[in-house]
Amino acid sequence: MEQTVESKYRAAFYRSRPTHSAYDDFSVRHPKMRLSQRAKIFSPFSALKGFEEAIGEKLERYVSRRELNDEEQARLDSTLTLLCEKTKNLRAARENRIRATVVYYLPCQDENHEAYGLRGSYERVSGIVWKVDPVLRRSIVIADQEIEFADLAEIRVELSNEEE
């Protein structure tokens, strides 16, 4: 009489594990695997390349743009005026080579993030100030990056040894 599929699986389920002596054919062809080797079989892997990084980006904390108070705005304006005088043209910028660190607001660039258009993050860039344009573009160029005045939060001018 033919067994049903269910009864075949049930029979296999209740069967005990096979036992082999140390030197029979099966044991010689298939030696027992050490536990350290066996653990590698079950180690996790990433089926989706870049998925963990994408999730990490979504977890990045974004903040609202903060308004500068009058004292901070005055300090920022005076620093920008000084930098404008020192970098009035490319020749002056090359001669003076003023190094500065700028903290600025960068709006969220990820269209799929809930913070898009609402919040952003504060970034920091350091380098030589090449240009300050208070009239047309209202921006500062530092280390080949152009930043608008409206996004600036802080500027720290780094004095060289000659000026100290």
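Nine bridges join strand 1 to strand 2, and the two run antiparallel. Strands here are DSSP runs (E, at least two residues), numbered from the N terminus, and two of them pair if DSSP finds at least two bridges between them. The model is predicted, so local features need pLDDT of at least 70, side-chain atom pairs count only at pLDDT 80 or more, and totals for chains, interfaces and linings use all residues. Residues are numbered from 1 along each chain as its sequence is written, and side-chain values use heavy atoms, without hydrogens and water.

Take one point on the first pairing. Thr101 has Ser126 in strand 2 as its bridge partner. Strand 2 also pairs with strand 3 (residues 139-142), again in the antiparallel sense, over four bridges. There, Val132 is bridged to Ile140 of strand 3. Strands 2 and 3 form a hairpin with five residues between them. In its turn, Arg138 has a positive phi of about 50 degrees.

Now the rings. The whole structure holds one aromatic pair. Rings of Phe, Tyr and Trp (its six-membered ring) pair if their centres lie within 6.5 Å; planes under 30 degrees apart are stacked, over 60 edge-to-face, and the rest tilted. The pair links strand 1 (residues 99-107), which holds Tyr105, to strand 2 (residues 120-133), which holds Tyr122, 17 residues apart. Tyr105 is buried at 5% relative accessible area, while Tyr122 is partly exposed at 28%. Buried means under 20%, exposed over 50%, and partly exposed in between (1.4 Å probe, protein chains only).
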